[in-house]
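Have a look at the model first.

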Amino acid sequence: MVGTKASTKAPPSLLYMIKQVELVVRSHLDELLRPAGITALQYTSLTVLERHDGLSAAQLARDSFVTAQSVADVVRALETRGLVRRERNPRNRRELLILLTESGRDLLARHAEPVRELEERMVRNLTAHQTEQFRLALSKTWQALS
């Protein structure tokens, strides 16, 4: 009898799997945020400003994982909606700082619970310990590449 060897496929790469998670999260976020008229990228920028208000465009771009050109478009759209404002940096008059407005804070507050529920859905098949380990592993992998 001729032996049949079960084909053993290599598992997908971690980079591929991370990209899959990113795309599905972005899709769900876009759907969740559509009624508010903002994108997942705009939401990310607002959350960055919520944690570190008064950033330069360059800092916001780095912290939001986008290019300077992309962040310029995001800031323009958010400013038009009244969700952020720009003002001169008192320590460097040539630099504009981007600040979250009360409307921006209100939008984030309205979406905090649905976003938290999405995150819970993402890890619902993990134990609390596995979720914490996942968070730690993601942090360590980010630090290794930064």
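## Layout of the chain

What pattern does the chain follow, read along the sequence? The answer is α-α-β-α-α-β-β-α-α, and the secondary structure comes to 6 helices and 3 strands. Here helices (H or I, at least four residues) and strands (E, at least two) are DSSP runs, numbered from the N terminus.

A word on the ground rules: this is a predicted model, where local features need pLDDT of at least 70, side-chain atom pairs count only at pLDDT 80 or more, and totals for chains, interfaces and linings use all residues. Residues are numbered from 1 along each chain as its sequence is written, and side-chain values use heavy atoms, with hydrogens and water left out.

## Overall shape

The C-alpha trace spans about 80 × 30 × 30 Å along its principal axes.

Take the chain's contacts (heavy atoms within 4.5 Å) between residues at least 6 apart in sequence: 47% of them join residues at least 24 apart.

## Where H2 meets H3

H2 covers residues 40-51 and H3 residues 57-64. Leu41, Thr44, Ser45, Val48 and Leu49 in H2 meet Leu60, Asp63 and Ser64 in H3. By type, the residues of this contact split into 4 nonpolar (Ala, Val, Leu, Ile, Met, Phe, Trp, Tyr, Cys and Pro), 1 charged (Asp, Glu, Lys and Arg) and 3 polar (the others, Gly among them).

Notes: Axes fitted to C-alpha atoms, helices over the stretch in contact; angles between N-to-C directions.
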